[in-house]
Amino acid sequence: MASAEVRQIRRRIKSVQSTMKITRAMELIATSRIAKARVRVARSQPYTDKMNEVIRNLGAGSAGLSHPLLERREVVTSGVVVVSSDRGLAGGYNSNIIRMAEHRINDLRNAGKQIRLFTVGEKARAYFSYRNFEIEQAWLGVTDTPGYGDARMIGNSILEAYETEVVDSVEVFTTRYVSALTQKPVLWPVLPIEPPEATEDEAAVGYTFEPSPEAILARLLPRYLEGTVFGILLEASASEHAARRRAMKAATENAEELVRLLTREANQARQAEITTEISEIVGGAEALSGG
Amino acid sequence: MAGKLFRVDVVAPEAIVYSGDAQFISARTTEGDIGILADHEATMAALATGPVEIHDADDNVTTIGIHGGFLQIYANSVTLLTDRAEMTEGGRDEALRLAEELKEAQQRAVEASGSN
């Protein structure tokens with residue numbers, strides 16, 4: 001019969017092992033999700049490239065671009081969009097981006113600017129609403145596998161806020177996927193739109209525009225914004241899965257280490273018990289033979 | 001006999017819908033229908049709701065329903081940039097129907113987001 005101590009240690013080992021099963025499963029899931037998210041980022045690339053090309057050509061073909069969405073105006077109210085995840089267990093993914101955004105918000109407030117806060121993902125919403133920030137709009141359930149429809153929804157909302165002069169600029173705080181091991185929180189100014197620079201050789205082409213360049217530009221810019229937001233969401237999603245994979249890998253490794261230590265402890269306890277038993281038996285036999 | 005060919009790419013945010021060589025394509029712009037053969041002048045146009053037909057080198061016709069987007073013609077390369085496109089086997093009428101459906105879907109989405 002195992003003693004109370006051994007039984008207790010064994011129970012702990014079992015509990016750590018079942019946690020380990022979960023973290024390992026999450027690690028595997030995240031790994032496959034990264035690959036999928038990366039593919040989606042790659043697939044969206046041609047659209048983004050072509051969009052940039054069209055805008056460059058528009059700028060080169062007509063006498064420079066002019067549109068309200070391109071014009072910088074004095075910033076009274078700043079729109080801040082924070083892209084976080086819906087679920088935790090992703091290491092520092094959420095806290096890094098939230099911390100960065102909060103710093104920036106404080107800086108802007110100290111500079112006398114008003115803030116309008118938009119959040120993507122439950123984590124950012126929970127953090128800021130707990131701290132009594134007023135949240136203009138919160139989107140949930142988009143960051144796991146963002147679709148273009150999600151980007152359109154978010155794009156339209158911030159566009160509307162900008163056009164109605166509720167905000168005078170929009171900055172997005174998101175996480176860039178640098179590599180599987182590195183994801184970097186960044187500030188991404190999306191409004192006013194900074195058009196891509198025209199290159200030399202494209203400037204020479206004379207395009208025929210149907211309808212006018214202005215009309216095309218007016219249609220194009222909202223799409224461009226949506227495309228930008230879509231890119232941001234896709235990359236944030238890839239980053240989230242990468243961060244989760246790393247956190248879960250570390251958790252699994254810790255659990256393995258813990259099981260190793262606990263097993264050793266259990267063995268020691270068992271051995272101590274046997275030794276005690278033997279010495280008791282030997283002691284008993286000695287006493288009997290002596291008597 | 002196949003005419004002179006040019007490159008066609010139909011690009012959507014989540015995938016490339018179509019990519020290949022064609023001898024003729026037709027599309028509906030905001031200004032009216034446009035037919036494009038090889039060596040077309042450099043053009044940029046806004047797309048309306050309607051069918052796009054692509055006749056490839058073997059005279060096979062691919063039809064795509066499109067709602068909104070942009071068309072760029074430059075140096076025998078045609079790019080259709082759209083966020084709503086759906087390919088169909090059902091010919092021009094089916095493509096038009098799909099395009100109308102995409103349009104309705106968008107209007108519903110706008111109404112839904114407006115009522116929040």
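Trainee: Where is A:Gly227 placed?
Mentor: A:Gly227 belongs to helix α5 of chain A. Helices (H or I, at least four residues) and strands (E, at least two) are DSSP runs, numbered from the N terminus.

Trainee: What should I know about the model and numbering first?
Mentor: This is a predicted model, where local features need pLDDT of at least 70 and side-chain atom pairs count only at pLDDT 80 or more, while totals for chains, interfaces and linings use all residues. Residues are numbered from 1 along each chain as its sequence is written, with chains lettered from A and ligands numbered from 1 in the order in which they are written.

Trainee: Back to A:Gly227, buried or exposed?
Mentor: Buried, because 24 other C-beta atoms lie within 10 Å of A:Gly227. The cut-offs are 20 or more other C-beta atoms within 10 Å for buried, 12 or fewer for exposed, and partly exposed in between, with C-beta atoms placed from the backbone.

Trainee: Which residues is A:Gly227 in contact with, leaving aside its neighbours within four places in sequence?
Mentor: A:Tyr47, A:Thr48, A:Met51 and, from the other chain, B:Pro13. A contact means that the two C-beta atoms, placed from the backbone, lie within 7 Å. A:Ser44 is 183 residues from A:Gly227 in sequence, but their C-alpha atoms are 8.6 Å apart in space.

Trainee: What angle do α4(A) and α5(A) cross at?
Mentor: Roughly 125°, and the axes of α4 (148–163) and α5 (213–290) of chain A come within 8 Å. Axes here are lines fitted to C-alpha atoms, for helices over the stretch in contact, and angles run from 0 to 180 degrees between N-to-C directions.

Trainee: What do we call that arrangement of α4(A) and α5(A)?
Mentor: The angle makes α4(A) oblique to α5(A). Under 35 degrees would be roughly parallel, over 145 roughly antiparallel, 65 to 115 roughly perpendicular, and the rest is oblique.

Trainee: Which residues make the contact of α4(A) with α5(A)?
Mentor: Among them are A:Ile154, A:Gly155 and A:Leu159 of α4(A), plus A:Leu225, A:Val229 and A:Phe230 of α5(A). By class, the contact residues are nine nonpolar, one polar and three charged. Ala, Val, Leu, Ile, Met, Phe, Trp, Tyr, Cys and Pro count as nonpolar, Asp, Glu, Lys and Arg as charged, and the others, Gly among them, as polar.

Trainee: Changing topic, what order do the five strands of the chain A sheet take?
Mentor: The order is β3-β2-β1-β4-β5 in an open sheet with mixed pairing. β3 (135–139) and β5 (183–191) of chain A are the edge strands, each pairing on one side only. From one strand to the next the twist averages 20°. Two strands pair if DSSP finds at least two bridges between them.

Trainee: How many bridges link β2(A) and β3(A)?
Mentor: Four, in the parallel sense, with β2(A) covering residues 114–120. In one of the pairs, A:Thr119 is partnered by A:Ala138 of β3(A).

Trainee: What lies across the strands β1, β2, β4 and β5 of chain A?
Mentor: Helix α2 (93–110) of chain A does, at about 175° to β1(A). Helix α3 (122–130) of chain A has buried residues including A:Ala124, A:Tyr127 and A:Phe128. Their cover includes β1, α2, β2 and β3 of chain A.

Trainee: Now chain B. How many of its residues are in contact with chain A?
Mentor: 22 residues of chain B, against 27 of chain A. β4(B) gives the most to chain B's side, with four residues. That side has twelve nonpolar, six polar and four charged residues.

Trainee: Which strand of chain A pairs with β4(B)?
Mentor: β6 (208–210) of chain A, in the parallel sense over three bridges. A:Thr208 stands opposite B:Thr43 there.

Trainee: What is the pattern of chain B along the sequence?
Mentor: β-β-β-β-β-β-β-α. Of its 116 residues, 37% are buried.

Trainee: What is phi of A:Glu165?
Mentor: Near 60°, a positive value in a residue other than glycine. A:Glu165 sits in the loop between α4 and β4 of chain A and counts as exposed, with 10 C-beta neighbours inside 10 Å.
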